[in-house]
Amino acid sequence: MKNFFEINNVTFAASKKNKVNNVSLKIENEGDIICLLGPSGIGKTTILRTIAGLEKIRSGSISLNGRIISSSKTHIEPENRNISLSFQDNSLFPHYNVIDNIKFGADRNSRKTKKLKLDDVIEFLHLQNIKLKYPHEISSGEAQRAALARSLLSMPDLLLLDEPLSNIDQNFKEEIQVKLKQILRDYKITTIIVTHDSYEAFYLGNKCGIILNGQLKQYDDPYNVHHFPNSIEVVKFLNKGILIPATVVDEKSLENKDLGIIKGDFIKHYPKGANVKLLLQPEDLEHDDKSTLKLEVVDKKFRGTNFIYTLKTESNLLIPVFVHSHHVHQHEVEEKFGVKKPIHIDHIVCFD
Amino acid sequence: MIIRFNIWYLSSFLISLTVAVPVLMIFSSFFENTSEYSLILKDTFLLDYIINSLTLLIGVLILTSIIGIGCAYLVSFYDFFGAKFFKWALILSFAVPAYIYSYSLSAFFENYGTAYSLLKSISGDAVLNSSIPKLDGMIGATIAISFSIFGYVYVLTRTSFHYQSQNLIDLGKNLGFSKKKTFLKIILPSARPSIVAGLSLVAMETLSDFGSVSFFGVSTLTTGIYNAWITFDDLTLANRLSFYLLIFIFLLFTIENFSRKKAQYHSLPKSGFKTKTKIKLVGYKSSLAFTVCFLVFFISFLFPVFQMSYWTFLFPKHFFDLNLIKLLGNTLLLVLLSCCLLISLGFISNYGNRITKSKFLQGLTTFSISGYAMPGVILAVAYISFISFLDENIYFFKNYNIKSFFIGSIFGLVIVYFVRFYSLANNGIRSGYLKINYSIDESAYLLGYSKIKTFKNIHLPFLKNSVFLVIILLLIEIIKELPITLIMRPFNFDTFATTAYTYASQDLLEAAAAPAIILILISSAFILITSKFILNEK
């Protein structure tokens, strides 16, 4: 079966120095959402611009719906691709008000059978109060929502969103995320979203791509990206855990000199006695006041639903631990904090 | 980045190349032989031409600095009786071309002229003629040019003062500066780039002036070029003299560009801007400020208007002798054809530059529009040289009488207008385009809009104000334009400007008054329409 969208061995060049090399990526089904994550300036926007046809490619190919839209020989003009790109910055037409700007999107969606309605989009993106205002009269968050509305209304074959919610207030953001996902699924709008917010990517994406050091390092579903990062770079980029030195004891355990025996299932085989770097995520350790394994609290962050304690081991490793915020008592900095022994991790992720 | 070698690229390239032809022709004059007149000129008048040009330039620069900066300072920082009126009234001086100002000056101060009549009617003494100063020659030219173009310095300096934040002045107060020290150490330096830009324009206009200097009999490089061509039929020498003048003008152009770039460093961030509170003047200070502004307004605008009106009423025969419909028709025909050509080609070039993103094309456009610094006389001469070159050297053109088609015809005249005013049209449209972020175009493409549809639905509605302003400015410039029209016009084809010049050159100043006053009134009306744009408040 042919993939709905496919990038085959393409190098995306933002400049001579700044490139994302040999990217291959596919979206199997129409209506799937993928999210691209990576640090600023790595070339994520260039990837979107190239897919949209605003930049040319020199090698490889990009195909959509079985048709090659970019290759070294073919370049279908942006206006003929039926791909919509919502820019990160305000790209509303300055001399039209918000409603007229959004209507520009409606000009294109005539050939779709199931159409999004203008009023529905305006309501879901909370644009009722600003629809008669001009772009210079609204905030950057409002402009971003209006641009998103315009792109959605165009019902493209492929929707590209560049940091679509970056300027939007936190109180709207989660609501919009939920409705956006619902609309994209209901109307089967295949979407590629560039974002720096991993939670947003994990929520919205069927798959996530991590771009680091000029390469697409990992392209997988969000669960796997979080729990089974495929390289140390991805671990460091996601910043959701730390790497501690450990020695493999047997097929089901390894040992760290500060934390003792750690049990679980290895996702990759390592020989007995091998020295590895073990990924320890905040949810891997369990708090236990009665435990003999006591570590010193060096920092405590309140995150509403939980606390993140940072604990220091004897060899000065700093380990993050989640504790539910309804836990009956709290531990202050410099106090001792008990960690349940032996430590058990469902899936052990190690690196050489 | 997509580089498209398409019809847009080709069109932009050809337009820029056409505009660059005069500059290229002038450079090419160094590969041709000149007549013996060049040797004579070197030994005789060349030094005079250069000295006169420099003297005139220095005089005009000093006078326009004092008038322009002084008035801009008063209306920007002080609130006094008439300040709001003078803010825009002072730009009306743009409506009076230097050559018409010269006629007024001469008419008023000449032997037994208007000044004499006035004094005689007041005192009844007929011996006063000898005590009236004769403002002619170099002094007359300096005054005429200064009062007709000080507006460049005034407008640019006033805009700079207008956008200076109150914070700057407060800073001076906090440092214990007096008003004088605040002006000299803070206000003036931060407006320096605008002042320099204004003075550069003044310098270019002064060096390219033909009507005024020829009327007062001051021999400058520009009149030298005209003489080399008309009197001695030596096009090559005319082009070579043009080259020297051009070098000088390019130098000023570079200074202006440099100062404009620096101006960016002087702009204040939006967030730090605080609107100025004008100082209210009362008593004699208010009267003094009023008197200064009124005097400048009177001398620069009311005086030539009164003088020309006075003669028109005194000799109504000349007014009724004018074929007004024909003159208006001719002027409108030129305006219409030139505007259509300039606006449409300005759009094509800008759009071509925008979508191809070619640095070569942008460089060529910048080079070609630098021709705006060239005096009209030079442009016309260079254009004629080019047509003569084609006629004599290109076999294809020998079979056709292209000279009669391109020289002394409406078509040729409009082409040279096009070259002369292309920078105005191109820059006007470009400044509008600069306000449209490129992602706007990309958004339109991604919404399925083709290049043409994007242009029609997105660019045109956005740029309509810029285009309107450009059309009005072109209209004012074309109505006032003299040397190109004189050289390139068909036989018996007159505009208000050429009619006034023709009468004045025959010493029939009273007859020149009627076309001159109509020209001033039409220009004034259009200046008033665009005053908000000119003052940069819209």
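At what angle do the axes of helix α3 and helix α8 of chain B cross, and within what distance do they come?

Analyst: The model is predicted, and the values below are computed from it. Two packed helices are described by the angle between their axes and by the distance between those axes. In chain B, helix α3 covers residues 46–77 and helix α8 covers residues 151–162; their axes come within 8 Å and cross at roughly 35°. The crossing of α3(B) past α8(B) is right-handed. On the α3(B) side, the contact is made by B:Thr64, B:Ser65, B:Gly68, B:Ile69, B:Cys71, B:Ala72, B:Tyr73, B:Val75, B:Ser76 and B:Phe77. From α8(B) come B:Val153, B:Tyr154, B:Thr157, B:Arg158, B:Phe161 and B:His162. Sorted by class, this contact comprises nine nonpolar, six polar and one charged residues.

Turning to the nonpolar cores, the largest has 138 residues, and those touching the most other members are B:Ile225, B:Ala380, B:Val381, B:Val416, B:Ala500 and B:Ala516. Apart from neighbours within four places in sequence, B:Ile225 contacts B:Ala238, B:Leu241, B:Ser242, B:Val377, B:Ile378 and B:Val381. A separate, second core has 71 residues, including A:Leu48, A:Leu148, A:Leu160 and A:Ile192.

As for chain A, its secondary structure consists of eight helices and 20 strands. The C-alpha trace of chain A spans about 70 × 45 × 35 Å along its principal axes. Of its 352 residues, 37% count as buried. Among contacts in chain A with a separation of 6 or more, 66% join residues 24 or more positions apart.

Notes. Residues are numbered from 1 along each chain as its sequence is written. Chains are lettered from A and ligands numbered from 1 in the order in which they are written. This is a predicted model: local features need pLDDT of at least 70, side-chain atom pairs count only at pLDDT 80 or more; totals for chains, interfaces and linings use all residues. A nonpolar core is a set of buried Ala, Val, Leu, Ile, Met, Phe, Trp, Tyr and Cys residues joined through C-beta atoms within 7 Å. A residue is buried if 20 or more other C-beta atoms lie within 10 Å of its own, exposed if 12 or fewer, and partly exposed in between; C-beta atoms are placed from the backbone. Two residues are in contact if their C-beta atoms, placed from the backbone, lie within 7 Å. Helices (H or I, at least four residues) and strands (E, at least two) are DSSP runs, numbered from the N terminus. Axes are lines fitted to C-alpha atoms, for helices over the stretch in contact, and angles run from 0 to 180 degrees between N-to-C directions. A crossing is left-handed if the near helix is turned anticlockwise from the far one by less than a right angle, and right-handed if clockwise. Ala, Val, Leu, Ile, Met, Phe, Trp, Tyr, Cys and Pro count as nonpolar, Asp, Glu, Lys and Arg as charged, and the others, Gly among them, as polar.
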